[in-house]
Amino acid sequence: MRPPYHRDSRLILALILVALSIAFVPVSQANAELVWVTRAPMPTVRSDFGVATGLNGKIYVIGGQDSTGALNIVEEYDPVKNIWQTRAPMPTPRSALGVVAARDGKIYAIGGVGLNHALSYACLLYTSRCV
(Lines give C-alpha, C1' and ligand atoms only; values in the text may rest on other atoms or scores of the structure.)
Protein backbone atom coordinates (compact mmCIF):
# COMPACT_ATOMS: atom_id res chain seq x y z
CA MET A 1 0.00 0.00 0.00
CA ARG A 2 1.29 3.43 -0.95
CA PRO A 3 1.59 6.19 1.64
CA PRO A 4 -1.43 8.59 1.66
CA TYR A 5 0.70 11.56 0.57
CA HIS A 6 1.90 9.82 -2.61
CA ARG A 7 -0.98 11.07 -4.81
CA ASP A 8 -0.67 14.62 -3.43
CA SER A 9 3.06 14.74 -4.09
CA ARG A 10 2.53 13.76 -7.76
CA LEU A 11 -0.05 16.56 -8.11
CA ILE A 12 2.30 19.08 -6.51
CA LEU A 13 5.16 17.96 -8.81
CA ALA A 14 2.89 18.32 -11.86
CA LEU A 15 1.85 21.83 -10.80
CA ILE A 16 5.48 22.84 -10.29
CA LEU A 17 6.41 21.56 -13.76
CA VAL A 18 3.53 23.49 -15.33
CA ALA A 19 4.52 26.65 -13.46
CA LEU A 20 8.14 26.28 -14.58
CA SER A 21 7.14 25.76 -18.19
CA ILE A 22 5.04 28.95 -18.06
CA ALA A 23 7.82 30.90 -16.35
CA PHE A 24 10.35 29.99 -19.03
CA VAL A 25 8.28 30.67 -22.13
CA PRO A 26 10.62 32.44 -24.57
CA VAL A 27 9.94 36.10 -25.33
CA SER A 28 8.19 36.52 -28.66
CA GLN A 29 10.11 37.99 -31.58
CA ALA A 30 7.84 41.07 -31.56
CA ASN A 31 8.68 41.90 -27.94
CA ALA A 32 12.39 41.35 -28.55
CA GLU A 33 12.28 44.15 -31.15
CA LEU A 34 10.80 46.77 -28.78
CA VAL A 35 13.26 49.48 -27.74
CA TRP A 36 13.17 52.77 -25.82
CA VAL A 37 13.63 55.87 -27.96
CA THR A 38 14.44 59.29 -26.50
CA ARG A 39 11.80 61.91 -27.31
CA ALA A 40 11.57 65.65 -26.60
CA PRO A 41 11.98 66.24 -22.84
CA MET A 42 9.26 67.79 -20.71
CA PRO A 43 9.86 71.56 -20.45
CA THR A 44 9.29 71.59 -16.69
CA VAL A 45 11.27 69.25 -14.45
CA ARG A 46 8.87 67.89 -11.82
CA SER A 47 7.49 64.89 -10.02
CA ASP A 48 4.12 63.81 -8.64
CA PHE A 49 2.18 65.16 -11.64
CA GLY A 50 -1.04 63.87 -13.16
CA VAL A 51 -1.24 62.73 -16.77
CA ALA A 52 -4.03 61.93 -19.24
CA THR A 53 -4.42 61.42 -22.97
CA GLY A 54 -7.02 63.56 -24.76
CA LEU A 55 -9.19 62.33 -27.62
CA ASN A 56 -6.86 64.27 -29.91
CA GLY A 57 -4.04 61.83 -29.05
CA LYS A 58 -2.06 64.45 -27.15
CA ILE A 59 -0.74 63.81 -23.64
CA TYR A 60 -1.48 66.35 -20.90
CA VAL A 61 0.88 66.62 -17.92
CA ILE A 62 -0.79 68.60 -15.14
CA GLY A 63 0.54 70.02 -11.88
CA GLY A 64 3.18 68.22 -9.91
CA GLN A 65 5.99 69.60 -7.80
CA ASP A 66 9.56 70.76 -8.11
CA SER A 67 12.10 71.77 -5.47
CA THR A 68 10.04 74.89 -4.65
CA GLY A 69 6.71 73.12 -4.06
CA ALA A 70 3.43 72.43 -5.87
CA LEU A 71 2.95 73.63 -9.47
CA ASN A 72 -0.06 74.78 -11.49
CA ILE A 73 1.60 74.16 -14.86
CA VAL A 74 -0.18 72.32 -17.69
CA GLU A 75 1.89 71.05 -20.62
CA GLU A 76 0.70 69.21 -23.72
CA TYR A 77 2.85 66.70 -25.60
CA ASP A 78 2.15 65.89 -29.25
CA PRO A 79 3.69 62.45 -29.91
CA VAL A 80 3.26 62.80 -33.68
CA LYS A 81 5.21 66.07 -33.88
CA ASN A 82 7.38 65.30 -30.84
CA ILE A 83 6.81 68.76 -29.35
CA TRP A 84 5.61 70.20 -26.03
CA GLN A 85 3.39 73.25 -25.58
CA THR A 86 2.48 75.10 -22.41
CA ARG A 87 -1.27 75.39 -21.90
CA ALA A 88 -3.53 77.35 -19.53
CA PRO A 89 -2.37 76.81 -15.93
CA MET A 90 -4.59 75.46 -13.16
CA PRO A 91 -5.99 78.17 -10.89
CA THR A 92 -4.20 76.60 -7.90
CA PRO A 93 -0.91 74.68 -7.69
CA ARG A 94 -1.28 70.96 -6.88
CA SER A 95 0.81 67.82 -6.85
CA ALA A 96 -0.10 64.16 -6.29
CA LEU A 97 -3.44 64.80 -8.00
CA GLY A 98 -5.64 62.46 -9.94
CA VAL A 99 -6.09 63.28 -13.63
CA VAL A 100 -8.53 61.53 -15.92
CA ALA A 101 -9.82 62.01 -19.47
CA ALA A 102 -13.56 61.41 -19.75
CA ARG A 103 -15.26 59.85 -22.77
CA ASP A 104 -16.25 63.31 -24.01
CA GLY A 105 -12.57 64.32 -24.13
CA LYS A 106 -12.71 66.63 -21.14
CA ILE A 107 -9.85 66.31 -18.67
CA TYR A 108 -10.46 66.47 -14.93
CA ALA A 109 -7.86 67.27 -12.25
CA ILE A 110 -9.06 65.95 -8.91
CA GLY A 111 -7.72 66.40 -5.38
CA GLY A 112 -4.03 66.43 -4.64
CA VAL A 113 -1.77 68.45 -2.37
CA GLY A 114 -1.59 72.23 -2.66
CA LEU A 115 0.55 74.93 -1.11
CA ASN A 116 1.84 74.31 2.42
CA HIS A 117 0.96 70.61 1.99
CA ALA A 118 -2.77 71.34 2.31
CA LEU A 119 -4.96 68.58 0.89
CA SER A 120 -7.23 69.69 -1.93
CA TYR A 121 -10.80 68.57 -2.53
CA ALA A 122 -11.05 70.54 -5.76
CA CYS A 123 -12.28 69.02 -9.00
CA LEU A 124 -11.20 71.11 -11.99
CA LEU A 125 -12.30 70.71 -15.59
CA TYR A 126 -9.72 71.45 -18.31
CA THR A 127 -11.53 72.58 -21.46
CA SER A 128 -8.81 74.32 -23.44
CA ARG A 129 -9.20 72.61 -26.82
CA CYS A 130 -8.20 69.22 -25.54
CA VAL A 131 -11.00 67.46 -27.42
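Set aside the neighbours within four places in sequence, and Glu76 is in contact with Asn56, Lys58, Ile59, Tyr60, Ile83, Trp84, Gln85 and Arg87, where contact means heavy atoms within 4.5 Å. Keep in mind that this is a predicted model, in which local features need pLDDT of at least 70, side-chain atom pairs count only at pLDDT 80 or more, and totals for chains, interfaces and linings use all residues. Residues are numbered from 1 along each chain as its sequence is written, and side-chain values use heavy atoms, with hydrogens and water left out.

Back to Glu76, which sits in strand E5 (residues 74–78). Strands here (E, at least two residues) are DSSP runs, numbered from the N terminus. Is Glu76 buried or exposed? Its relative accessibility is 2%, so Glu76 counts as buried; the cut-offs are under 20% relative accessible area for buried, over 50% for exposed and partly exposed in between, with a 1.4 Å probe and protein chains only. The side chain of Glu76 also makes a polar contact of 2.9 Å with the side chain of Arg87. Such a contact is a pair of N or O atoms within 3.5 Å; within protein, one must be able to donate a hydrogen and the other to accept it, and residues adjacent in sequence count only if both atoms are side-chain atoms.

Strand E5 belongs to an open sheet of four strands, ordered E1-E2-E5-E6 with antiparallel pairing. Strands E1 (50–53) and E6 (83–87) are at the edges with a single partner strand each, so one side of each has no neighbour in the sheet. From one strand to the next, the twist averages 20°; axes are lines fitted to C-alpha atoms, and angles run from 0 to 180 degrees between N-to-C directions. Two strands pair if DSSP finds at least two bridges between them, and some residues that face each other across strands are listed here.

| Residue | Opposite residue | Strand of the opposite residue |
|---|---|---|
| Ile59 | Tyr77 | E5 |
| Tyr60 | Glu76 | E5 |
| Ile110 | Cys123 | E9 |

Strand E2 (residues 59–62) is joined to E5 by four bridges, and E1 and E2 pair over four bridges as well. In the hairpin of E1 and E2, five residues lie between the strands, and Gly57 takes a positive phi near 85°.

Over in strand E1 you'll find Val51. At 43% relative accessibility, Val51 counts as partly exposed. Val51 and Ala101 are 50 residues apart in sequence, yet 9.0 Å apart in space, C-alpha to C-alpha.

Ala101 falls within strand E7 (98–101), which, like strand E9 (123–126), is an edge strand with a single partner, so one side of each is left without a neighbour. The sheet in question is open, has three strands in the order E7-E8-E9, and pairs antiparallel. E8 and E9 pair over four bridges.

What makes up the largest nonpolar core? Ten residues do: Ala52, Tyr60, Ile62, Val74, Met90, Leu97, Val99, Ile107, Ala109 and Tyr126. E2 and strand E8 (107–110) are the elements that give two or more residues to this core. A nonpolar core is a set of buried Ala, Val, Leu, Ile, Met, Phe, Trp, Tyr and Cys residues joined through side-chain atoms within 4.5 Å.

As for confidence, the chain has a mean pLDDT of 82, and 73% of its residues reach 70 or more; pLDDT is the predictor's confidence in each residue, from 0 to 100. Over residues 17–25 the pLDDT is below 50, and this stretch has zero contacts in the model beyond near neighbours in sequence.
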